[in-house]
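Visitor: I am new to this structure and would like to learn how to read it. Could you walk me through it step by step?

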Amino acid sequence: MRIVAAAAGLAGALALTACSGGGRSGGDSSATPSGTSSAGATATGGSDGSTASSDALQGSWITTSGGKIVALVVTGKEAGLFETGGAVCSGSAGEEAGMRMIHLTCTDGSKDRVTGMVDSVSKSGMKVTWSGKSGAETYTKAEGGKLPSGLPTAGLGQ
């Protein structure tokens with residue numbers, strides 16, 4: 001029953017994030033919060049297609065890890081990660097030196113998913129390799145605040 005409640009809570013969070021993207025446009029040319037000079041140079045490129053590849057990260061992404069559901073939400077240059085019964089993290093996502101990166105800080109001090117490099121992304125899935133012990137994870141895109149079909153749920157009730 002606890003797992004059902006956690007899944008329902010994640011679905012609710014996904015529904016809220018699905019509604020919150022309204023006023024943003026992809027034309028924001030401000031540098032990422034990290035303030036590094038390479039990030040600023042990348043953000044002003046415009047015609048090299050960097051905006052399009054950053055836009056590919058937008059949305060709600062779901063995976064399972066260690067019997068828990070992990071939701072990664074990217075809106076604009078902001079990112080958040082929520083793990084059932086575990087970490088709540090926030091930070092940034094975008095391009096750095098030609099790579100798509102995610103940088104997070106977790107409220108519980110977890111270092112499992114602090115820096116992630118996006119290895120691949122499509123309209124339905126994304127693979128991220130985290131520098132922490134989580135390693136490589138494959139996420140499925142969640143649409144309309146619903147958990148994606150085919151999400152592996154084995155072990156969630158244990």
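Guide: Gladly! Two strands count as paired if DSSP finds at least two bridges between them. Strands (E, at least two residues) and helices (H or I, at least four residues) are DSSP runs, numbered from the N terminus. In β5, for instance, L104 is the bridge partner of G91.

Guide: A word on the source: this is a predicted model, where local features need pLDDT of at least 70, side-chain atom pairs count only at pLDDT 80 or more, and totals for chains, interfaces and linings use all residues. Residues are numbered from 1 along each chain as its sequence is written, and side-chain values use heavy atoms, with hydrogens and water left out.

Visitor: How many bridges join β4 to β5?

Guide: There are 8, linking β4 (residues 88-96) with β5 (residues 99-106), and the two strands run antiparallel. On β4, G91 is also the bridge partner of A79; β3 and β4 are antiparallel too, joined by 5 bridges.

Visitor: What do β3 and β4 form?

Guide: A hairpin, with 4 residues between the strands; in its turn, G85 has a positive phi of about 65 degrees. β2 and β3 form a hairpin as well, with 2 residues between them and G76 in the turn at a positive phi of about 65 degrees. Here 6 bridges join β2 (residues 68-75) to β3 (residues 78-83), running antiparallel, and V70 has E83 in β3 as its bridge partner.

Visitor: In what order do the strands close into a barrel?

Guide: The 8 strands follow the order β1-β2-β3-β4-β5-β6-β7-β8, with antiparallel pairing. From one strand to the next, the twist averages 30 degrees, taking axes as lines fitted to C-alpha atoms (for helices over the stretch in contact) and angles from 0 to 180 degrees between N-to-C directions.
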